[in-house]
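This report describes how a protein model is built and how its parts are arranged. Please consult the sequence and the structure alongside the text.

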Number of protein chains: 2
Amino acid sequence: MYIEIDFSSDEAYYQQLCNQIIQGIATSQFSDGDVLPSVRELAEEIGINMHTVNKAYSVLKQEGFVKVDRRKGAVVSVDSNKQHALDMIRKEMQPLLAESYCRNLSREDIKGMVDEIYDAYEGCEDERK
Amino acid sequence: MYIEIDFSSDEAYYQQLCNQIIQGIATSQFSDGDVLPSVRELAEEIGINMHTVNKAYSVLKQEGFVKVDRRKGAVVSVDSNKQHALDMIRKEMQPLLAESYCRNLSREDIKGMVDEIYDAYEGCEDERK
């Protein structure tokens with residue numbers, strides 16, 4: 001998987017790394033059970049500190065995207081509890097929708113965006129089949 | 001306006017402050033032209049550092065939610081460029097929708113959430129009329 005950190009972005013590196021790995025799961029580049037690169041490997045490959053990669057893996061573990069296997073390392077394992085997922089996403093969605101409401105975007109604008117992005121993910125999944 | 005910082009949260013204080021002010025605009029507690037409390041006042045009221053309030057106001061200015069008037073201070077002024085708004089929201093929506101797609105939430109789950117949250121904001125607006 002190709003991971004690229006934007007060193008000029010305001011967003012923390014560990015957060016960018018988390019987002020890109022989640023993006024990788026959404027676009028079917030990673031599936032449940034896949035082993036992620038080791039902390040050392042990934043740190044060297046993308047040119048960031050090992051602590052940063054470690055932090056990203058801990059957050060992904062905490063958010064229910066990976067499990068840590070003592071022998072294999074970080075393994076993709078998405079938490080499938082739907083109510084839990086809904087609660088987490090609602091909490092993150094709230095400030096974003098406050099922002100879009102203030103900016104006068106309609107609910108249709110947002111739903112259009114949801115369709116567009118979901119279509120792209122479904123396209124990726126079909127390609128892998 | 002009632003602002004409350006969650007000191008036990010992982011989210012940076014300035015980010016919480018930005019989110020709550022944006023939330024305040026969405027729920028019609030603030031409208032265009034309203035003057036926000038001074039940096040000093042707000043810092044004392046909620047018990048955080050003045051630098052943190054300053055950072056929140058700078059970010060809100062940069063994101064097009066406030067303007068700084070030399071005499072009045074920070075004034076609510078929402079940037080109404082729709083294309084700009086769509087671009088910003090799409091960028092922030094992308095990682096969130098990657099997350100919800102991985103967690104097996106359907107597009108209908110997300111659209112339902114959009115309706116629910118928009119209904120609440122519209123309710124606030126009606127109340128103020």
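## Fold of the chains

The model is a predicted one. Chain A contains 5 helices and 2 strands, and these elements follow the order α-α-α-β-β-α-α along the sequence. The C-alpha trace of chain A extends over about 50 × 35 × 30 Å along its principal axes.

In chain A, strand 1 (residues 66-69) pairs with strand 2 (residues 73-76) in the antiparallel sense, over 4 bridges. The two strands of chain A are joined by a hairpin through 3 residues. Within this pair, A:D69 lies opposite A:G73 of strand 2 of chain A.

In chain B, strand 1 (residues 66-69) and strand 2 (residues 73-76) run antiparallel and are joined by 4 bridges. A hairpin through 3 residues links strand 1 of chain B to strand 2 of chain B. B:K67 has B:V75, in strand 2 of chain B, as its bridge partner.

Helix 1 (residues 13-26) of chain B packs against helix 3 (residues 50-62) of chain B at an angle of about 50°, and their axes are 8 Å apart. Helix 1 of chain B and helix 3 of chain B are therefore oblique to each other, and helix 1 of chain B passes helix 3 of chain B in a right-handed crossing. From helix 1 of chain B, the residues making the contact are B:Y13, B:Y14, B:L17, B:C18 and B:I21, and from helix 3 of chain B they are B:T52, B:V53, B:K55, B:A56, B:V59 and B:L60. By class, this contact of helix 1 with helix 3 of chain B has 9 nonpolar, 1 polar and 1 charged residues.

## Symmetry and the interface

Chain A is superposed on chain B by a rotation of 180° with 0.0 Å of shift along the rotation axis, at an RMSD of 0.0 Å. That is the relation of a two-fold axis. Of the residues of chain A, A:K111 comes closest to this axis, with its C-alpha at 3.0 Å.

The contact between the chains involves 36 residues of chain A and 36 residues of chain B. On the side of chain A that touches chain B, the elements that give two or more residues are helix 1 (13-26), helix 4 (82-102) and helix 5 of chain A. Helix 4 of chain A gives the most to this side, with 15 residues. By class, the side of chain A that touches chain B has 22 nonpolar, 6 polar and 8 charged residues. Of the interface residues of chain A, 100% are also interface residues in chain B, so the copies meet through the same surface.

## Helix contacts between the chains

Helix 5 (residues 107-128) of chain A packs against helix 5 (residues 107-128) of chain B at an angle of about 160°, with their axes 10 Å apart. The two helices are therefore roughly antiparallel to each other, and helix 5 of chain A passes helix 5 of chain B in a right-handed crossing. In this contact, A:R107, A:I110, A:K111, A:V114, A:D115 and A:Y118 of helix 5 of chain A meet B:R107, B:I110, B:K111, B:V114, B:D115 and B:Y118 of helix 5 of chain B. The contact of helix 5 of chain A with helix 5 of chain B has, by class, 6 nonpolar, no polar and 6 charged residues.

Helix 4 of chain A also meets helix 5 of chain B. Their axes come within 10 Å and cross at roughly 50°, and the two helices are therefore oblique to each other. The crossing of helix 4 of chain A and helix 5 of chain B is right-handed. A:L86, A:R90, A:M93, A:Q94, A:L97 and A:Y101 of helix 4 of chain A meet B:D109, B:M113, B:V114, B:I117, B:Y118 and B:Y121 of helix 5 of chain B.

| Helix 1 of chain B with helix 3 of chain B | 9 residues | 1 residue | 1 residue |

How values were computed:
Residues are numbered from 1 along each chain as its sequence is written. Chains are lettered from A and ligands numbered from 1 in the order in which they are written. This is a predicted model: local features need pLDDT of at least 70, side-chain atom pairs count only at pLDDT 80 or more; totals for chains, interfaces and linings use all residues. Copies are superposed by least squares on the C-alpha atoms of residues with pLDDT of at least 70 in both. Two residues are in contact if their C-beta atoms, placed from the backbone, lie within 7 Å. Axes are lines fitted to C-alpha atoms, for helices over the stretch in contact, and angles run from 0 to 180 degrees between N-to-C directions. Angles under 35 degrees count as roughly parallel, over 145 as roughly antiparallel, 65 to 115 as roughly perpendicular and the rest as oblique. A crossing is left-handed if the near helix is turned anticlockwise from the far one by less than a right angle, and right-handed if clockwise. Ala, Val, Leu, Ile, Met, Phe, Trp, Tyr, Cys and Pro count as nonpolar, Asp, Glu, Lys and Arg as charged, and the others, Gly among them, as polar. Two strands pair if DSSP finds at least two bridges between them.
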